[in-house]
Amino acid sequence: MLEIVMKISLRSGRRPVVGLPGKMKVVGVVSGSLTEAGQELDRAYSGILSKALKLGKFRGEFGASLTVMAEDVFLVILGLGQKRGVTADRVREAGALVAQKALELRVREVAVENFFADRLGKEAASYALAEGLYLGSYRFNRYKSDAKPVKVRYWIARGRGRAVEEAERMARATAFARDLANEPPNVLTPEALADAAVSLADASGFEARVLGPEEIEELGMGAFLAVARGSDHPPRFIHLIYRPEEKVRRRVAIVGKGLCFDTGGYSLKPTQNMRHMKADMSGAAAVLGTFQALAEFRPSVEVHGVIAAAENKISGRAYVVDEVVRTMSGKTVEVVNTDAEGRLTLADALYYASREAPEAIVSIATLTGSSVVALGRKIAALFATEERLAEELRESGALEGETLWPMPLEPRYEKLLKSDVADLKNVGTREGGAIQAALFLKQFVRDPFAHLDIAGPAFQRESWELGPAGASGFGVRTLTRWIRSL
Ligand code: BES
Ligand code: ZN
Ligand code: ZN
């Protein structure tokens, strides 16, 4: 698994686009006219770009492009929209569009103008552009017999080297999470997920603890085990620890939902909804992606990564509705729907994480269809017991092009989770489903606690702004940036 089928390298060049290597050179059109770099390139190629603009009646809408051939290079003009109100998000998306073009034209080396460096500053502009170039180049092609490895080198003209390097690390960690969530479920079983975590830990000097069914049972994780029981693939409980070499400024835990496949169990999902449930471990993938980034950035924060990895399947042993399970916390839960399995696994994982007494615990999970209905595929739901933690996460996400939207942990809904036979039941009513799921988790965890429901943005059914159809790696950059900011 995880052989290299993608080799993207990012460089910043001191020279302008004209002077940099590459069989493809990209400049922008902003508010209808060629940028300065564009005019420079135009002059170097005797006005071919301005002629093409006129001929094509090119207005420079964001994302529109014109490609002209000159001598032995492709000159690409990319529409960047209007100058006013430009954001780093735009630049990141522009980077991904350039990547898309590079792959279409099958070029190996590309020089790109540092879009909007005048507006955003060289640093922020090259950071966002580099992320976009890398993420837009991402392909998951290891199971395509005829696929050629993606191999491109991008030069960012007049870019900032350090920003480009940081962006590359962030993007590589995101791609790692994408790879994990894109792996088919026959390959990425709970054991394989644990192996991936251990390899990462070994390569990076992290502590790793992996527990099998007996040890999980000894800890009393009855809810997690109930979910895992139906599958022939045994569960794995994964605990990674990153300890900074120097002094520890803060201690936090991140907990990812790790359902390697979710059939729904006996509350079986209809065929359409079962599609892509291999990515029901995207929260776990985000945690591992974040750890990969921690290995590179080495912030002064101790981080615990916790994943309860299992499959939700059907067999003679599988759990059924009406079961009452005992969680590690001692609280009992009546199972009223076996498809609300994520919160059962997380109940035990969050309780376990709480015992480490971190200063903040963040869970990240493809938890509810309800959050997808509420916010769609671009936005994650954010729940937090404290305003400050919510703001920190939201800000970190915003800087990385990952939108988190606050939702309430409404106390009046807590009674919906009361059971007639146990302390809690795993599902209340349909209305406000994402909120009830978050409230359920809250019963098992210490404050301050935040929860990201990424059921919408974790997996894209169509190609999107920052990559092809498939896993998005959502959360890696938010969590990494947040941890680095502490
Ligand atoms: N893994 C699903 C949530 C999900 C839905 C993720 C769509 C990605 C896309 C989760 O385990 C689930 O099935 N949740 C149920 C809960 C319900 C039974 C209360 C849901 O959302 O329908
Ligand atoms: Zn489910
Ligand atoms: Zn699930």
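**Ground rules**

I worked from a predicted model, where local features need pLDDT of at least 70, side-chain atom pairs count only at pLDDT 80 or more, and totals for chains, interfaces and linings use all residues. Residues are numbered from 1 along each chain as its sequence is written, chains are lettered from A and ligands numbered from 1 in the order in which they are written, and side-chain values use heavy atoms, with hydrogens and water left out.

**Entry 1: ligand 1**

I began with the residues around ligand 1. There are 15 of them, and Lys269, Asp280, Asp339, Glu341 and Gly369 come nearest. Here a residue is near if one of its heavy atoms lies within 4 Å of the molecule.

Next I looked up polar contacts. These are pairs of N or O atoms within 3.5 Å; within protein, one must be able to donate a hydrogen and the other to accept it, and residues adjacent in sequence count only if both atoms are side-chain atoms. Aspartate 280 places a polar side-chain atom 2.9 Å from a nitrogen atom of ligand 1. Aspartate 339 has a side-chain N or O atom 2.8 Å from an oxygen atom of the ligand. Glycine 369 uses its backbone: a polar atom there is 2.6 Å from a ligand oxygen. Ligand 1 exposes 520 Å² when taken alone, and the protein buries 77% of that. Accessible areas come from the Shrake-Rupley method with a 1.4 Å probe; for residues, only the protein chains shown count as cover.

**Entry 2: aspartate 280**

I then stayed with aspartate 280. Is it buried or exposed? Aspartate 280 is buried, because its relative accessible area is 3%. The classes are buried under 20% relative accessible area, exposed over 50%, and partly exposed in between (1.4 Å probe, protein chains only).

Aspartate 280 sits in the loop between α10 (271–274) and α11 (282–297). Helices (H or I, at least four residues) and strands (E, at least two) are DSSP runs, numbered from the N terminus. Leaving out residues up to four places away in sequence, aspartate 280 touches Lys257, Gly258, Leu259, Asp262, Glu341 and Thr366. Contact means heavy atoms within 4.5 Å.

**Entry 3: salt bridges**

I searched the whole structure and found 33 salt bridges. The criterion is a side-chain nitrogen of Lys or Arg within 4 Å of a carboxyl oxygen of Asp or Glu.

Lysine 23 and aspartate 72 form one of these, at 2.9 Å from N to O. Lysine 23 is in the loop between β1 (6–13) and β2 (24–30), and aspartate 72 is in the loop between β4 (65–70) and β5 (73–79), so the pair ties together parts 49 residues apart in sequence. Lysine 23 counts as partly exposed at 44%, and aspartate 72 counts as partly exposed at 46%.

Glutamate 131 pairs with arginine 92, with the closest N and O atoms 2.7 Å apart.

Glutamate 402 is in the loop between α14 and β16 (403–406), arginine 477 is in helix α16 (residues 476–485), and they are 75 residues apart. Glutamate 402 and arginine 477 are both buried.

Which residues are linked in a network of salt bridges? I noted Asp89, Arg92, Glu131, Glu400, Glu402, Arg477 and Arg481.

**Entry 4: nonpolar surface patch**

Tyr266, Leu268, Ile314 and Val320 form a nonpolar surface patch with about 350 Å² of accessible area together. Patches are made of residues with over 30% relative accessible area and no salt bridge: like charges are joined within 9 Å, nonpolar side chains (Val, Leu, Ile, Met, Phe, Trp, Tyr) within 5 Å. Valine 320 is in the loop between β11 (301–312) and β12 (324–326). Valine 320 is partly exposed, at 35%.

**Entry 5: backbone**

Most residues other than glycine have a negative phi, and most peptide bonds are trans. I looked for exceptions. The peptide bond from aspartate 447 to proline 448 is cis, with omega near -15°. Proline 448 is in the loop between α15 (433–442) and β18 (449–453).

Lysine 57, not a glycine, has a positive phi of about 45°. Lysine 57 is exposed, at 70%. Histidine 276 also is not a glycine, and its phi is positive at about 70°. Histidine 276 lies in the loop between α10 and α11.
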